[in-house]
Amino acid sequence: MNIASLPHDHAIAVGSDQIDFMGHVNNAHYLSWVQEAVLSHWRHIAPPDAVAAHLWVALKHEITYRRPAFLDDQVIATVILEKVQGARAFYETVIKRGEDVLAEVKSSWCCIDAETLRPARLASEVVARFFPAEKI
């Protein structure tokens, strides 16, 4: 079983198109933030050939909303890959404004072969890049 990977921070820009009738970011935008952050993590660590050969599809998100985000807030999504199991990856993403936690998200993703569009296991060398402190 893998230990959690090193955290990956992804900056998020809050735009006026994300603000709802209550004056804060609509909750639906948090899903796109998580997707941006997870894919940024993948592109940041995986080798270019693996990035080109694989796509990611979200299977499940469990979001706990803590505080609202507002226009022009400086928001950071910190992504931690908890484990890779077969073609699945399990992530925890914490979305913060400064020290304030805005949302906590547990999500699972399926790795897809970019050509066949079928689930694909990642090579152990690719997975090892995400868990540098552990031998796989």
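Modeller: Happy to, and keep in mind that this is a predicted model.

Biologist: What makes the pairing of the Ser40 and His8 side chains a polar contact?

Modeller: The two side chains are 3.0 Å apart at that contact, and the cut-off for a pair of N or O atoms is within 3.5 Å. Leaving aside neighbours within four places in sequence, Ser40 is in contact with His8 and His10.

Biologist: What makes a group of residues here a nonpolar core?

Modeller: The members must be buried, of nonpolar types such as Val, Ile or Trp, and joined through side-chain atoms within 4.5 Å. The largest such core has 31 residues, and Tyr30, Trp33, Trp42, Trp56 and Ile95 have the most contacts inside it. H1, strands E3, E4 and E5, and helix H3 each supply at least two residues of this core. H1 gives the most, with seven residues.

Biologist: Which residues is Ile95 in contact with, leaving aside neighbours within four places in sequence?

Modeller: Among them are Tyr30, Trp33 and Val34, then Val75, Ile76 and Ala77, and also Val101, Leu102 and Ala103. Asp100 is on the list of contacts of Ile95 too.

Biologist: Speaking of aspartates, why is Asp73 called buried?

Modeller: Asp73 has 15% relative accessibility, and the limit is under 20%, so Asp73 counts as buried. Asp73 sits in the loop between strand E2 and E3. A polar atom of the Asp73 side chain lies 2.7 Å from the backbone nitrogen of Phe70. Beyond its neighbours within four places in sequence, Asp73 is in contact with Ile12, Val14 and Arg97.

Biologist: How do you know that strand E1 pairs with E3?

Modeller: Pairing needs at least two bridges, and six join E1 to E3, which run antiparallel; therefore the two strands pair. One example is Ile12, whose bridge partner in E3 is Val75.

Biologist: How many bridges do E3 and E4 have?

Modeller: E3 and E4 pair over 10 bridges, in the antiparallel sense. Val84, for instance, has Ala89 as its bridge partner in E4. The hairpin of E3 and E4 has two residues between the strands, and Gly86 takes a positive phi near 65° there.

Biologist: Finally, why does the radius of gyration of the chain agree with that of a compact globule?

Modeller: For 136 residues a compact globule would have a radius of gyration near 14 Å, and the chain has 16 Å, which agrees. The C-alpha trace spans about 45 × 30 × 25 Å along its principal axes, and 40% of the residues count as buried. The chain has three helices and five strands, running β-α-α-β-β-β-β-α from the N terminus.

How values were computed
Residues are numbered from 1 along each chain as its sequence is written. This is a predicted model: local features need pLDDT of at least 70, side-chain atom pairs count only at pLDDT 80 or more; totals for chains, interfaces and linings use all residues. Side-chain values use heavy atoms; hydrogens and water are left out. Buried means under 20% relative accessible area, exposed over 50%, partly exposed in between (1.4 Å probe, protein chains only). Helices (H or I, at least four residues) and strands (E, at least two) are DSSP runs, numbered from the N terminus. Contact means heavy atoms within 4.5 Å. A polar contact is a pair of N or O atoms within 3.5 Å; within protein, one must be able to donate a hydrogen and the other to accept it, and residues adjacent in sequence count only if both atoms are side-chain atoms. The radius of gyration is taken over C-alpha atoms; the globule rule is 2.2 Å times the number of residues to the power 0.38.
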